[in-house]
Amino acid sequence: MNALPNFACPVPTSPAECMLLAHGEGGSLMRKFIAEHIVPRFGQASGESLDDATVLPLLAGQPVLTTDAFVVSPLFFPGGDIGTLAVYGTVNDLVVRGAEPLWLTLSMIIEEGFALALLDRVLDSIALAALRCRVSIVAGDTKVVPRGAADGLFLSTTGLGQLLDLAPSGAMTIESGDVLLVTGPVGRHGIAIMAAREEMNFDPAPTSDCGSLMESVAALRAAGVRPRAMRDATRGGVTAVLHEWARDCGRTLVIEEARVPVSPEVRGVCELLGLDPLSVANEGTMLVAVRAQDAEITLAALRSVGMSAQAARIGEVRERRSVPVVIKRALGREQPLIEPSGAPLPRIC
Amino acid sequence: MKYVDEFRDANTVDRLLDALRRRATRRWTIMEVCGGQTHSLLRYGIDEALADVIELIHGPGCPVCVTSAELIDNAMELAKLPDVVVITFGDMLRVPGQHGSLALARAAGARVRTVYSPLEALTFAEKNPQVQVVFFAVGFETTTPATALAVLQAERRNITNFSLLVAHVRVQPAMELLLQAADNRVQAFLAAGHVCAVVGYASYAELCRRYRVPVVVTGFEPVDLVTGLAACVEQLEAGRFDVENCYGRSVQAAGNLHATRLVDAVFEVCDRPWRGLGDLPSGGLRLREAWKHFDAEHRFPRSPLPILETTGCRSGDVLSGRIKPPQCSAFGSQCTPEHPLGAPMVSSEGACAAYFHYARTSCDTTASPATIECR
């Protein structure tokens with residue numbers, strides 16, 4: 001059979017406007033996609049060789065590993081997007097455990113037809129957030145699924161870091177008399193997502209707190225504080241963390257409603273919609289439990305960093321009472337703080 | 001925050017509580033009609049603070065709670081139809097009908113969405129002409145104007161894939177029904193402030209006279225609630241039975257005329273079964289004949305589902321004030337917000353949920369919120 005020198009393959013090889021199934025199928029289109037969109041942002045290690053695995057240098061400290069998936073809707077919201085969430089969320093999981101974050105992997109599940117320009121925006125966000133956190137993206141994967149099999153873009157990141165000195169001793173070590181602090185106003189992420197998703201047009205629009213807690217934790221370390229526990233208060237908000245800690249340490253945690261910082265925007269939306277800011281998600285705000293004698297120095301250290309400038313002491317740990325978490329309401333009455341049974345808002349991260 | 005903080009001021013509340021206690025010569029029984037008031041009273045511990053002079057009976061003013069199980073089943077069946085999307089308020093999703101809930105139906109593939117306003121449902125219909133959008137319209141007089149507006153706008157914008165499953169209810173007939181009951185103990189009402197903001201309070205004058213019961217229009221913040229309760233006690237002690245407005249910053253005697261005109265244009269009064277209370281004459285609203293083409297029950301006629309046996313839920317007794325939630329044997333054990341047997345445990349305005357969240361248990365007793373004693 002004679003060759004057909006002028007035969008043109010119907011598969012588009014020119015830059016597509018949107019993601020096609022072929023972008024995830026291992027052929028030339030995928031190679032080109034990685035070469036043009038991934039490697040320039042994340043460097044050679046992220047995909048140039050297309051090896052199945054990356055070999056990393058030996059660590060000085062104990063390795064710390066975490067993984068997370070991101071399905072937020074909408075993908076872009078005031079204060080961040082799915083890309084910043086995917087980096088800061090995983091980085092924060094490492095730093096609150098007392099680790100220095102070093103490497104991330106990045107998996108993308110992309111719906112067929114997703115605009116390449118939007119994907120570029122997300123990849124830019126990921127690159128910038130990774131740069132700020134001084135982490136490298138060292139492995140990744142791209143899958144494109146048929147239209148309708150996913151909602152736009154889902155990400156998953158795995159983070160590897162090494163344990164540093166003064167890492168938290170763990171929620172099991174929380175004792176009566178310990179002090180509870182929060183690093184900033186609560187509920188901002190959940191409310192920002194909800195306002196954006198429902199197109200509520202608040203003015204000013206509530207902004208997510210999506211960001212890295214690295215500097216705040218570094219300030220604690222520099223001040224010589226070894227916390228009992230640190231947790232970023234993501235899904236379930238502050239309430240969920242308090243309940244987890246109460247379970248872990250077998251004591252009762254008591255907080256004062258009036259001491260918990262809440263921004264006027266979040267408070268307004270929560271009042272309007274009947275939500276409790278304590279149970280709304282955060283993405284750059286954590287709870288810290290420290291010994292009472294460390295409380296003041298912890299507060300000062302946190303407040304020296306922009307991300308936690310509004311840190312506040314919100315409560316303390318007591319001997320176990322009949323309920324695990326108690327809240328002192330505005331009029332001074334103590335009530336049980338009930339763990340929410342499900343998220344008030346789905347798909348926030 | 002203006003209009004919030006000054007009405008939650010602890011010193012003001014304490015002063016009002018003291019004055020009220022001094023004025024009362026005996027213990028009075030007062031019903032707060034609205035579930036929003038129930039939540040505030042329990043959240044701020046006002047029920048406890050006044051327990052020696054006032055017994056609070058929690059009223060049926062939770063629209064989600066009184067929506068009949070049949071209507072919820074109907075909404076689920078509609079959501080299962082091909083090309084139909086049922087849209088409603090978030091609270092409705094987990095309320096059990098007889099055959100499951102909208103949340104379960106959604107998990108099984110039915111199309112259900114939530115909104116904060118019927119106008120959002122209308123916008124969704126406009127953007128998705130390939131589907132039939134049914135708005136499950138739940139609520140007291142507070143929410144009916146927005147539903148009426150959605151119908152009027154649908155007509156004006158010629159949005160034909162939009163219809164309503166109407167579950168709207170009226171609060172005053174329920175108050176009358178409770179007063180007519182042989183075992184009625186209610187001596188005064190806190191009327192629901194937000195309902196009165198729409199419909200006004202002039203119509204209560206007749207009810208006050210006929211049943212010799214004070215009705216005080218009351219807001220939802222601690223200062224509002226204690227002020228309203230104090231006004232009830234003042235009237236009861238003085239032997240007066242008047243309608244009185246203690247929520248002047250939101251409510252005028254005639255209500256919101258623009259809103260009531262919208263409602264009158266679209267809806268008419270009808271009898272409606274209330275969950276827990278039974279058939280209530282004039283207890284609901286339905287679309288007027290001229291708007292029948294927006295009625296989902298008219299557009300998607302179907303045969304009713306079989307009526308199942310009731311569960312152990314005593315929500316009817318709770319909604320009519322006969323028992324307090326902890327007196328129900330299922331409360332906190334078989335029935336929790338996670339696994340609700342009845343609507344009052346689900347809704348953010350439900351009395352059972354209020355007791356579960358703000359249980360009047362001391363945080364130091366060995367009793368769990370589930371087993372607390374009722375006063």
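Q: How many bridges join strand β4 of chain A to β5(A), and do the two run parallel or antiparallel?
A: In this predicted model, strand β4 (residues 99-111) of chain A is joined to β5(A) by 9 bridges, and the two strands run parallel. As an example of residues that face one another across strands, Met108(A) stands opposite Thr142(A) in β5(A).

Q: What is the order of the strands in the open sheet of 4 strands?
A: The order is β1-β6-β4-β5 (chain A), and the pairing is mixed. Because β1 and β5 (136-145) of chain A each have a single partner strand, they stand at the edges, and one side of each is left without a neighbour in the sheet. From one strand to the next, the twist of this sheet averages 15 degrees.

Q: Which strands are at the edges of the open sheet of 7 strands?
A: That sheet has the order β8-β10-β7-β11-β9-β12-β13 (chain A), again with mixed pairing. Its edge strands are β8 (229-232) and β13 (334-336) of chain A, each of which pairs on one side only, and the twist averages 25 degrees from one strand to the next. Within the sheet, strand β9 (residues 252-256) and strand β12 (residues 325-328) of chain A run parallel and are joined by 4 bridges, with Leu253(A) standing opposite Val325(A) in β12(A).

Q: At what angle do helix α4 and helix α7 of chain A pack?
A: Two packed helices are described by the angle between their axes together with the distance between those axes. Here, helix α4 (residues 188-197) and helix α7 (residues 264-273) of chain A pack at an angle of about 65 degrees, their axes being 10 Å apart, and the crossing of α4(A) and α7(A) is left-handed. On the α4(A) side the contact is made by Arg188(A), Ile191(A) and Met194(A), while α7(A) brings Val266(A), Val269(A), Cys270(A) and Leu273(A). Sorted by class, this contact of α4(A) with α7(A) has 6 nonpolar, no polar and 1 charged residues.

Q: How many residues of chain B are in contact with chain A, and what area do the two chains bury between them?
A: The size of an interface is often given as the accessible area lost when the parts come together. For chain B and chain A that value is about 2,200 Å², with 53% of it on carbon and sulfur atoms, and 32 residues of chain B are in contact with 23 residues of chain A. The rule finds 4 salt bridges across this interface. Arg267(A) also forms a salt bridge with Asp5(B), in which the closest N and O atoms are 2.8 Å apart.

Q: Where in chain A are Asp178(A) and Arg228(A), the pair that links distant parts of the chain?
A: The side chains of Asp178(A) and Arg228(A) meet in a salt bridge, at 2.7 Å from N to O. Asp178(A) is in the loop between β6 and β7 of chain A and Arg228(A) in the loop between α5 and β8, the two being 50 residues apart. Over all chains, a search of the whole structure finds 34 salt bridges.

Q: Which peptide bonds are cis, and which residue has a positive phi although it is not a glycine?
A: Most peptide bonds are trans, and most residues other than glycine have a negative phi. In this model, the bond from Ser73(A) to Pro74(A) is cis, with omega near 5 degrees, and Pro74(A) has its place in the loop between β1 (63-70) and β2 (76-77) of chain A. The bond from Asp203(A) to Pro204(A) is cis as well, with omega near 0 degrees, and Pro204(A) is found in the loop between α4 and α5 (214-222) of chain A. Leu166(A), which is not a glycine, has a positive phi of about 60 degrees and is found in the loop between β6 (153-163) and β7 (179-182) of chain A.

Definitions and conventions. Residues are numbered from 1 along each chain as its sequence is written. Chains are lettered from A and ligands numbered from 1 in the order in which they are written. This is a predicted model: local features need pLDDT of at least 70, side-chain atom pairs count only at pLDDT 80 or more; totals for chains, interfaces and linings use all residues. Side-chain values use heavy atoms; hydrogens and water are left out. Two strands pair if DSSP finds at least two bridges between them. Axes are lines fitted to C-alpha atoms, for helices over the stretch in contact, and angles run from 0 to 180 degrees between N-to-C directions. A crossing is left-handed if the near helix is turned anticlockwise from the far one by less than a right angle, and right-handed if clockwise. Contact means heavy atoms within 4.5 Å. Ala, Val, Leu, Ile, Met, Phe, Trp, Tyr, Cys and Pro count as nonpolar, Asp, Glu, Lys and Arg as charged, and the others, Gly among them, as polar. Buried area is the accessible area (1.4 Å probe) that two parts lose on being put together, summed over both.
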